[in-house]
Amino acid sequence: MPVLDQFRLDGKRALVTGGSRGLGLEMARALGEAGAQVIISGSNADNLQKACTELGSEDLHVTSVQADLSRPEEAERMCDVLLKEHPPIDILVNNVGGRRLNTPTEDLALEDWHRIMDLNLTQVFILTKRLGAAMIPRQWGRIINIASINAFWPGKVMRGRSYETSKAALAMFTKAVAADWAMHGITVNAIAPGPFLTDANRRWIGERPEFEGEVATSIPMGRWGRPGEIGPLALYLASEASSFMTGSVLVLDGGKLLW
Ligand SMILES: NC(=O)c1ccc[n+]([C@@H]2O[C@H](COP(=O)([O-])OP(=O)(O)OC[C@H]3O[C@@H](n4cnc5c(N)ncnc54)[C@H](OP(=O)(O)O)[C@@H]3O)[C@@H](O)[C@H]2O)c1
């Protein structure tokens, strides 16, 4: 097959969790532009509607499902809806996650620890188990987990180490499931982004404006990532182009981990 054709996703259906904003929205756009039917999820109905309108105006085939994935029971309910009401998911992008806390370990409440683990890890387990299991009989699937460079490196400025721990666990979950499901034609890979200018980071910059420059100068390329720069890598992992890659955690960080 000609090389560019290997990136086409015609006839495939993709779920991008957290696809209404930030990195998720750009990955949804990339997969949609390659021909996939895309379902985006989010917790906020207005944000979902706005994203569907935006992507729809670009002639992309996008629908949405609403669920708060920080709650395991909501992740289960979303899987029930998807498995019952939608035809099979071929490509699962587990993108929802975040820090939402900057509390030092010595002050971190147990319930907050569990909340971050549920947001970054437990719901990925649930979606992988339920939607990935449905890929097994079809003997084809792509699972892409969005980890972080903080899976390998504790951030210097930010606290709340539950984030680093959950993303490191997500990287290992990626490898373990990749090994188990390789025989079923399902690849499982992760992307470990460095700092990207999304709403999540704009919030931290809003609280401490010097953060924006500090981060930029800590990156060899001298700038933050642009959300659209994750789209091509997600498309590679979602398509036939990556047919011999599984269990990889690909760093996308402008060289941040080099220093
Ligand atoms: N941005 C970075 O620099 C960076 C770096 C490394 C790793 N990452 C990882 O990349 C992923 C995306 O980050 P981002 O910066 O793009 O985040 P973002 O701008 O905050 O976007 C988050 C997306 O997830 C949805 N979302 C958030 N909480 C949710 C919840 N509880 N239930 C369901 N949906 C929820 C949001 O929709 P609603 O608000 O409508 O719910 C939105 O669509 C995360 O896993 C993050 O850890 C990001």
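Author: A crossover is right-handed if, with the strands pointing away from the viewer, the path from the first strand over the helix to the second runs clockwise. E1, H1 and E2 make a β-α-β unit of this right-handed kind. The model is predicted: local features need pLDDT of at least 70 and side-chain atom pairs pLDDT 80 or more, while totals for chains, interfaces and linings use all residues. Residues are numbered from 1 along each chain as its sequence is written.

Reader: What makes E1 and E2 a pair of strands?

Author: Strands here are DSSP runs of type E with at least two residues, helices are runs of H or I with at least four, and both are numbered from the N terminus. Two strands pair if DSSP finds at least two bridges between them. E1 and E2 run parallel and are joined by five bridges, so they meet that definition. Ala14 stands opposite Val38 in E2. Val38 also has a bridge partner in E3, namely Val62. From E2 the chain passes through helix H2 (residues 45-56) to E3 in a right-handed β-α-β crossover.

Reader: Which strands are called edge strands, and why?

Author: The open sheet has seven strands in the order E3-E2-E1-E4-E5-E6-E7, with parallel pairing. Strand E3 (62-66) and strand E7 (249-252) are its edges, since each pairs on one side only. On average, neighbouring strands of this sheet are turned by 20° against each other, direction ignored.

Reader: How do you know that E2 is mostly covered?

Author: A residue is buried if 20 or more other C-beta atoms (placed from the backbone) lie within 10 Å of its own, exposed if 12 or fewer do, and partly exposed in between. Six of the six residues of E2 (residues 37-42) are buried. In a regular strand the side chains alternate between the two faces of the sheet. In E2, Gln37, Ile39 and Ser41 are on one side and Val38, Ile40 and Gly42 on the other, all buried.

Reader: Which residues of E5 point each way, and are they buried or exposed?

Author: Gly141, Ile143 and Asn145 point one way, Arg142, Ile144 and Ile146 the other, and all are buried. Arg142 has Ile91 opposite, and E4 and E5 pair in the parallel sense over four bridges. In E6, Ile186 is the bridge partner of Gly141. The chain reaches E6 from E5 through H5, in a crossover that is again right-handed and β-α-β.

Reader: Why is Thr174 called buried?

Author: Thr174 has 27 C-beta neighbours inside 10 Å, so it passes the cut-off for a buried residue. Thr174 lies in helix H5. Leaving aside neighbours within four places in sequence, Thr174 is in contact (C-beta atoms within 7 Å) with Asn145, Val188, Asn189, Ala190, Gly247 and Val249. Ala190 stands opposite Val249 in E7. Helix H5 (residues 162-181) packs on the sheet, touching E5, E6 and E7, and its direction makes about 165° with that of E6. Such angles, from 0 to 180 degrees, are taken between N-to-C directions of lines fitted to C-alpha atoms, for helices over the stretch in contact.

Reader: How many residues surround the ligand, and which are the closest?

Author: The count is 28, the closest being Gly18, Gly22, Ser43, Asn44 and Gly97. A residue is near a molecule if its C-beta atom, placed from the backbone, lies within 6 Å of it. Helix H1 (22-33) and helix H6 (199-207) each supply at least two residues of this shell.

Note on methods:
Two residues are in contact if their C-beta atoms, placed from the backbone, lie within 7 Å.
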